[in-house]
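Keep the model open while you read.

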Amino acid sequence: MTSASSGQPVRAPGAPWWRFGSAFSCLVHPFLGLAMASLASLSLAQSALPTGDERILAAREALQKGDRNLLDQLAVTSSPHILERYVDYWRLHNVLARRDAPDAREIEAFLSRYAGSVLAERLRAAWLERLARDDNWIGFIGAWGGLEAPSDDMRCLHWQARLKIGDRGGLDDALKEWNSLSWRADHCDTVIGLLAQQGRLDEDELWQRFRTQMSPRTVRGAEQTLAWLPAADMPDPAELKLILKDPDRYLAKVRPGFERSRTDREMVLAAIGRLARSDPKTAYMRFVRLSERLKPEERAYGYVILGWRGAQDHLPQALDWFRAAGRKARMTEEQYEWYVRAALRQRDWKWVRTAILDMPEVQRSQSVWTYWLARAEQALGDRDAATALLKRIPVGPDYYELLAQDELGHPFAPPPPAKPIPAQVMADAQSDPDLRRALALFRLDLYTEGVREWNWRLRKADPTFKVAAARVALKHEVFDRAINTAEVASKDGEYELRFITPYRDLIEPQARAQGLDLAWVYGLMRQESRFVHRAASRVGAQGLMQVMPATGKWVAKKIGMSDYSRDKLAEPETNVMLGTSYMRIVLDDLEDHPVLASAGYNAGPGRAKRWRDSRTIDAAIYIETIPFDETRHYVKQVMENAVVYAAMMEGKPQSIKTRLGVIDPG
């Protein structure tokens with residue numbers, strides 16, 4: 001199972017009429033055969049063009065297929081459809097992707113006509129890309145001003161454009177921000193390369209960037225960063241390839257005298273880091289044989305890497321490795337987090353306290369670390385300090401807010417009813433053209449476009465209008481927009497919008513039949529799909545409960561469902577039946593513990609079992625030390641959701657500490 005909880009699930013599109021063969025189309029509708037023939041002969045008469053919704057969908061499909069001629073024909077005439085602007089937008093987007101020169105007047109006319117819209121923003125970005133591709137830097141500078149929310153890629157192109165027209169201040173601005181730019185922003189490599197060529201990049205910063213780039217499972221940009229080093233310091237590219245492929249082999253054959261070169265020492269540390277991802281114990285053994293030949297800062301960094309990866313593997317040595325790094329060792333935000341988690345896993349509250357106090361102040365003040373610092377003070381006997389820290393955490397329904405209030409003796413109470421929205425604001429939201437356009441896109445299963453339109457309209461709206469928009473979304477059963485918009489509008493309110501209970505006539509009987517807590521089922525489903533019944537994740541999980549096809553097939557066989565097919569996962573009834581059945585199976589396999597079962601539903605029951613400790617452990621510590629970021633966040637959200645749903649359904653206060661409980665050893 002995987003979560004589709006980002007708020008923007010990928011929608012499985014329907015099958016518009018033009019996806020069928022042309023012979024079938026001719027039988028169904030006198031105009032359909034002509035429409036399909038146009039894709040081949042490009043001679044479709046305008047009178048045979050589709051109209052209404054079909055016209056919009058035909059234009060979208062023509063864009064996907066790169067069918068220039070059909071897009072041109074569809075754009076020749078207009079219709080009163082609320083999505084009419086999309087036909088012209090898709091045509092112009094196609095024009096910009098072609099080799100022949102676009103007509104700048106057409107682009108500018110669209111940008112003027114729809115100024116301030118999401119389509120104008122996106123078309124301007126595409127236009128800027130094309131101007132850069134054509135080396136039209138003066139045109140680029142002229143078109144830049146209307147871009148409201150430039151990406152890192154766009155900002156880097158702008159710096160390049162300024163340099164190209166003789167404004168060297170662009171590189172000065174780039175220098176201030178180069179190390180915070182996204183590694184996925186391809187145009188930024190050019191800008192950083194220019195800074196490197198001019199000797200304006202600090203070599204130590206480049207090595208720090210390289211270290212960070214080597215941390216993810218999939219390495220991106222590290223080779224390019226090495227290429228920005230002074231020529232004398234660049235390692236052989238073959239070394240990096242070997243480190244990525246077989247770091248243990250690289251470390252076994254470290255060249256004599258490696259300690260005399262910064263480059264060689266950094267490559268050794270890179271290999272230690274890569275090996276520690278899969279085998280921290282072996283990485284440690286390699287490291288101790290080489291560590292005395294490293295400089296103190298490099299040795300500390302090596303121990304940080306080992307502590308970080310060891311903590312993710314729940315190794316008891318991880319805390320010792322962090323201690324060996326020293327309290328002044330440079331760490332990333334994530335490494336500080338795992339420093340605390342290593343201490344939590346050992347229940348070493350003194351070092352929990354120390355690790356949190358060593359964090360940068362901004363990080364230390366986050367609710368999560370304020371809560372764990374309070375728990376450390378409590379465990380070390382300073383109840384007054386613990387209480388003072390807990391009171392710093394806001395009161396609300398977020399995971400750590402619930403935990404903090406529970407520690408203070410205030411379980412989560414049923415929330416009050418929502419305040420009424422002024423009638424005029426509600427009327428404005430219902431008639432708002434941008435929201436209506438987004439709803440039309442949702443209706444046609446153009447989900448990505450709908451989310452962009454919706455979010456763009458609300459980006460600067462006041463909270464009252466956002467709540468009204470959320471109610472509009474709920475009325476039209478666009479459940480994820482209702483939830484997400486209400487969350488943005490109100491952090492501690494609008495519970496009836498943020499914690500909706502759609503499909504209850506399907507869900508409650510299945511939950512009852514499986515003996516499941518309805519609040520937990522809703523909490524999990526809210527996190528999985530935001531109740532978008534046709535949601536599909538990148539890895540193939542589908543429906544309200546994000547059931548993987550293989551899991552669905554296995555569960556169907558187990559419960560005796562003879563007519564199962566993959567297509568049925570998109571049906572709410574089947575999806576809920578299979579999902580709740582699987583919840584029951586996972587719960588039975590994991591000692592009837594909802595925390596373990598939530599982790600197992602997301603990451604697999606086997607992993608949920610392996611993450612247990614050799615001793616009984618506070619479930620909050622178990623959750624905090626889940627190695628997978630997605631699963632850790634997922635379990636917190638599911639349990640948080642379950643508390644709120646239970647309070648609303650049962651009408652009485654709920655304790656998250658009681659719901660979490662403890663996790664017994666495996």
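What follows is a short walk through selected parts of a predicted model.

Start with helix α7, residues 118-133. At 1.5 Å a residue, the 16 residues should span 22 Å. The end C-alpha atoms of α7 are 23 Å apart, which agrees with that expectation.

The buried set includes Val118, Leu119, Leu123, Trp127, Leu128 and Leu131. Charged side chains belong to it too: Glu121, Arg124 and Arg130 are buried. Ala120, Ala126 and Ala132 complete the list. Which helices do these buried residues pack against? The partners are α5 (84-97), α6 (104-113), α8 (137-144), α9 (152-164) and α28 (447-458).

Now move to a helix pair, α23 (residues 367-379) and α24 (residues 383-392). They pack at an angle of about 165°, with their axes 7 Å apart. Angles over 145 degrees count as roughly antiparallel, and α23 and α24 are therefore roughly antiparallel to each other. Their crossing is left-handed. On the α23 side, the contact is made by Thr370, Tyr371, Leu373, Ala374, Glu377 and Gln378. On the α24 side, Arg383, Ala385, Ala386, Leu389, Leu390 and Arg392 meet them. By class, the residues of this contact divide into seven nonpolar, two polar and three charged. The spacing within such a helix face has a simple background. An α-helix has 3.6 residues a turn, so residues three or four places apart point the same way.

Finally, turn to the backbone. Just after α7, Asp135 takes a positive phi of about 60°, although Asp135 is not a glycine. Asp135 lies in the loop between α7 and α8. His314 is another residue other than glycine with a positive phi, near 60°. His314 is placed in the loop between α18 (296-312) and α19 (317-325).

Are these two residues buried or exposed? Asp135 has a relative accessible area of 54%, and the cut-off for exposed is over 50%, so Asp135 is exposed. His314 has a relative accessible area of 17%, which is under the 20% limit, so His314 is buried.

Methods:
Residues are numbered from 1 along each chain as its sequence is written. This is a predicted model: local features need pLDDT of at least 70, side-chain atom pairs count only at pLDDT 80 or more; totals for chains, interfaces and linings use all residues. Side-chain values use heavy atoms; hydrogens and water are left out. Helices (H or I, at least four residues) and strands (E, at least two) are DSSP runs, numbered from the N terminus. The expected span of a helix is 1.5 Å times one less than its number of residues. Buried means under 20% relative accessible area, exposed over 50%, partly exposed in between (1.4 Å probe, protein chains only). Contact means heavy atoms within 4.5 Å. Axes are lines fitted to C-alpha atoms, for helices over the stretch in contact, and angles run from 0 to 180 degrees between N-to-C directions. Angles under 35 degrees count as roughly parallel, over 145 as roughly antiparallel, 65 to 115 as roughly perpendicular and the rest as oblique. A crossing is left-handed if the near helix is turned anticlockwise from the far one by less than a right angle, and right-handed if clockwise.
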